[in-house]
Every structure is written in structure tokens, then in C-alpha cells.
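Have the model open while you read.

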Amino acid sequence: PHVIAGHDRWIFSDADATMAGHIPGKDHVLGVGAASLSLAQSVPSSPVKSLLDVGTGCGIQLLAQSDAATQLTGTDIHPRALDYAEATCAAAGLPHADLLEGAWFEPVRGRRYERIVSNPPFVVGLPEVGHVYRDSGLSLDGASQLMISQAPEHLTVGGTAHLVAAWVHKEGESWQHRVASWLPDHGVVAWILQRDVVDPELYVGTWLRDESLDPRDPIVAEQATAWLNFFHEQSVTGIGFGYVAIQRVGSLDDGSQPSEVVAEELHHDFSDPLGPEVEDYFVRSAWLRNTTMDDIAHSQLAVRPGVAIEHVDVTSDINSGFSPAVVRVTRTDGPRWSHDIDEHLAAILTGLNPHGLNLEETASLYFLSQGIDVSPVLMNDVIAAIVDLLRHGIVLPSDLLELDTATHGKAEA
């Protein structure tokens, strides 16, 4: 029994190794795990007509989206997993769940969906399959690459994909560029959030313990050595893990809509579900995509409700007392984004009013009051800083403020 998306549900799967005291075999079907729950929290719950769960396993994501989607489809290469998913869906009274056997997107070739979710076998390692639920048989982060690169062609225009994924960090290579390179050059907006990054030794040890193996055992140590040697040969310095959200915004082929990809860190703690924030991010991204710098300057903006400004003072030596060190603006909801700003931008944020002066007027009035010349370069700097705050929802355009408040109100309810 488990609570999934606010409902008491029965989940049918193989017994967890820590509960049953056994080593999972190759055909093990995983039950409710941290990754599956984390993914469920990161997917919007707004209504859609069609949903695809790639690598459905025992059907957890189908349950999580059962109130949102009219048509549910789950695929898996593993027949035993589909048997368990059928039992899970039957117990929940989901006769509209269509379960298809096959690898990745093969069972739904040519179909498109409004929402795709996936907790794929993303373990980074050698190109072999030790456990079907976690190993793809693809080298390194090939499973994540496959899912991220192929998901857009199975989305309707406006549709979104939501994945948990892992990627390698290599010497002399940006992880952001690596993951972004897997996406098409046109037709998508993607938000990649790295939640954690670990060194190869910790990564290998964690996954060995996941199957109830003791790294001190000579046979297990040999397995670990082979894994780590492979990482060394591939110049892997770390393994990142996080969320990937993709929205299809146009054709993938005709070049009319260049793709927009933002890859960033999200290492700090937060407790609110990420799903509403992902949905809002795509709304804010669309607003920015259709807005020029001049439009932003002439927009009425507002600071999001619940945003805090923190002034940090520190001592420089024993006799000097406290001196200002940093001004920080932070959201107290959602993913709790935080930005270091200066006292000038803090004052401008204080003056923003969704029914008052626009950004340019507010900033100009402040600078004139401080005896600072308002140059085009200075105004462009203000707008650039505001764009960063808009992207993270710290500042909102007046026409999105009401929509944002309504969305988060529903999420809290």
C-alpha cells in the first residue's frame, strides 16, 4: 500500500530486497522507489487527453497521472513488469490504461501524446544488462540520451515530456552542453535541472548496495573495479542526476523555431512539488520568447508574493563592526530560487507595481533620485537582471501574475 497523488493505492511488484532479504535477480520488478516518487512530484497535474509512460515498470506513473489524463498508455520491454502494471491498474480501477510490450518508443511509433513521463533505466555504466529495471544495455548515459533525443518527436505541439535522467561529467566537457546536444536544434524548449552530482566511487558503491551487495566481498570488488575502470577509460569525473522537462513548441525540421535550452543546478532543499513550477516555467518562457528587451522595459511588473529580500552583513576585522556583504532575493515557495543582487536592483524591485509605473519608469525614477545618470547601457543591465528573475518566477509580468497565483493556489489545495 502507498499514497500516490493523494490516493491510497495498492502497488504490485517484486518484494524489495531490504524487506525480503534477497539479492534481486535480472528480472526483478522494482516497486515504489525514490526516483519514481521524485518524478511523480515533478510532473504537472493539469488535464491532458493523452499520456505516455515509457518504461512503466509496475505502473506508478500511470497511477500518479490517472486523474489528469483521459487516455493512459504504458510501455515496457519487460513482460513481468507489464503483468504487475496490469494488476496495479486493475486494483486502482483504471480500465483505460493501455499496456504495450516493447523497447523505448517502439510500441508507439508514429503516435504523439500531450504528456510523456519516464523513469527509464538510467544507471550509468558498462553496455550490459544486469537488472532490467535499471540497466539499459547502452554505454554510459546512453539511456538518458535516447529518451531526451527521441521524446520530442512523440509530443504534440504544446505537449510536454518529463523525465528523470543521469549524465556523465567528463574532463574538459560541460555537462550542460553535453545534455543540451541531445535535443533537436529546432522546435523545443527544455529545462534541465541537475539535483546532484557524485564521484564515480560513491556512485558505484551506491548501486552495488542497491542490489544488497557488499563492496568488500572479493567478487563484488572485482565487479566494482571493472565499473570504475570503465569510467576511467571514458574520462568520467562525476555522474549528475536530475530532471528534464521538454515542451514541443513547433516543427522539429523546418527551422522556423530555434530550440531554447536552459540547464542549471538545483542542489538546495525544497519541499513543494516541482510539477506546478515546471508548468509555470514554460508559461514564463513563452512570454519571454515573444517579448523584446524594449517590451520588457515598458511592461508593468510585480514581485511574486512570498519573495524575501535578505541583507547580509559581515565583519572584516575585529575592530570594524559589520559591513554590508550581499543582498539576496529569494522565493519562499516552489523550488525557492535565490539570486544575489545589489542595493540598486533591490530598490527597483521594491518600486515595482503591476498597476503602476512600468520597469523603465520605475528604474529611471530611482536612478534620478540617487543622482545617477540613466544611460541605455545602465537600463539594459537592469533589464538583463530582471530577465533572470522573470525566468525563475521571482518577478512576474502583470498579465501572468493572476495566472500564477491561481496555479499555485490549486497546487496548495
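V312 has V326 in β13 as its bridge partner. That contact belongs to the pairing of strand β12 (residues 307-315) with strand β13 (residues 322-331), which run antiparallel and are joined by nine bridges. Strands here are DSSP E runs of at least two residues, helices are H or I runs of at least four, and both are numbered from the N terminus; two strands pair if DSSP finds at least two bridges between them. Before going on, note that this is a predicted model, where local features need pLDDT of at least 70 and side-chain atom pairs pLDDT 80 or more, while totals for chains, interfaces and linings use all residues. Residues are numbered from 1 along each chain as its sequence is written, and side-chain values use heavy atoms, with hydrogens and water left out.

The hairpin of β12 and β13 has six residues between the strands, and G321 there takes a positive phi near 75°. β13 also pairs with strand β14 (residues 338-341), again in the antiparallel sense, over four bridges.

Now for the rings. How many aromatic pairs does a search of the whole structure find? There are nine, counting Phe, Tyr and Trp (its six-membered ring) when centres lie within 6.5 Å; planes under 30 degrees apart are stacked, over 60 edge-to-face, and the rest tilted. F122 and F241 make a tilted pair, because their ring centres are 5.5 Å apart and their planes sit at 45°. F122 is in the loop between β6 (113-118) and α5 (142-150), and F241 is in strand β9 (residues 236-248), so the pair ties together parts 119 residues apart in sequence. Elsewhere, ring pairs link W191, Y281, F282 and W337 into a cluster.

What about disulfides, meaning cysteine sulfur atoms within 2.5 Å of each other? The whole-structure search finds zero. The sulfur of C58 has its closest cysteine sulfur in C89, 9.5 Å away, so that is too far for a bond.

The table gives relative accessible area for the residues just discussed; buried means under 20%, exposed over 50%, and partly exposed in between (1.4 Å probe, protein chains only).

| Residue | Relative accessible area | Class |
|---|---|---|
| F122 | 9% | buried |
| F241 | 25% | partly exposed |
| C58 | 2% | buried |
| C89 | 3% | buried |

Note on methods. Disulfide = S-S within 2.5 Å.
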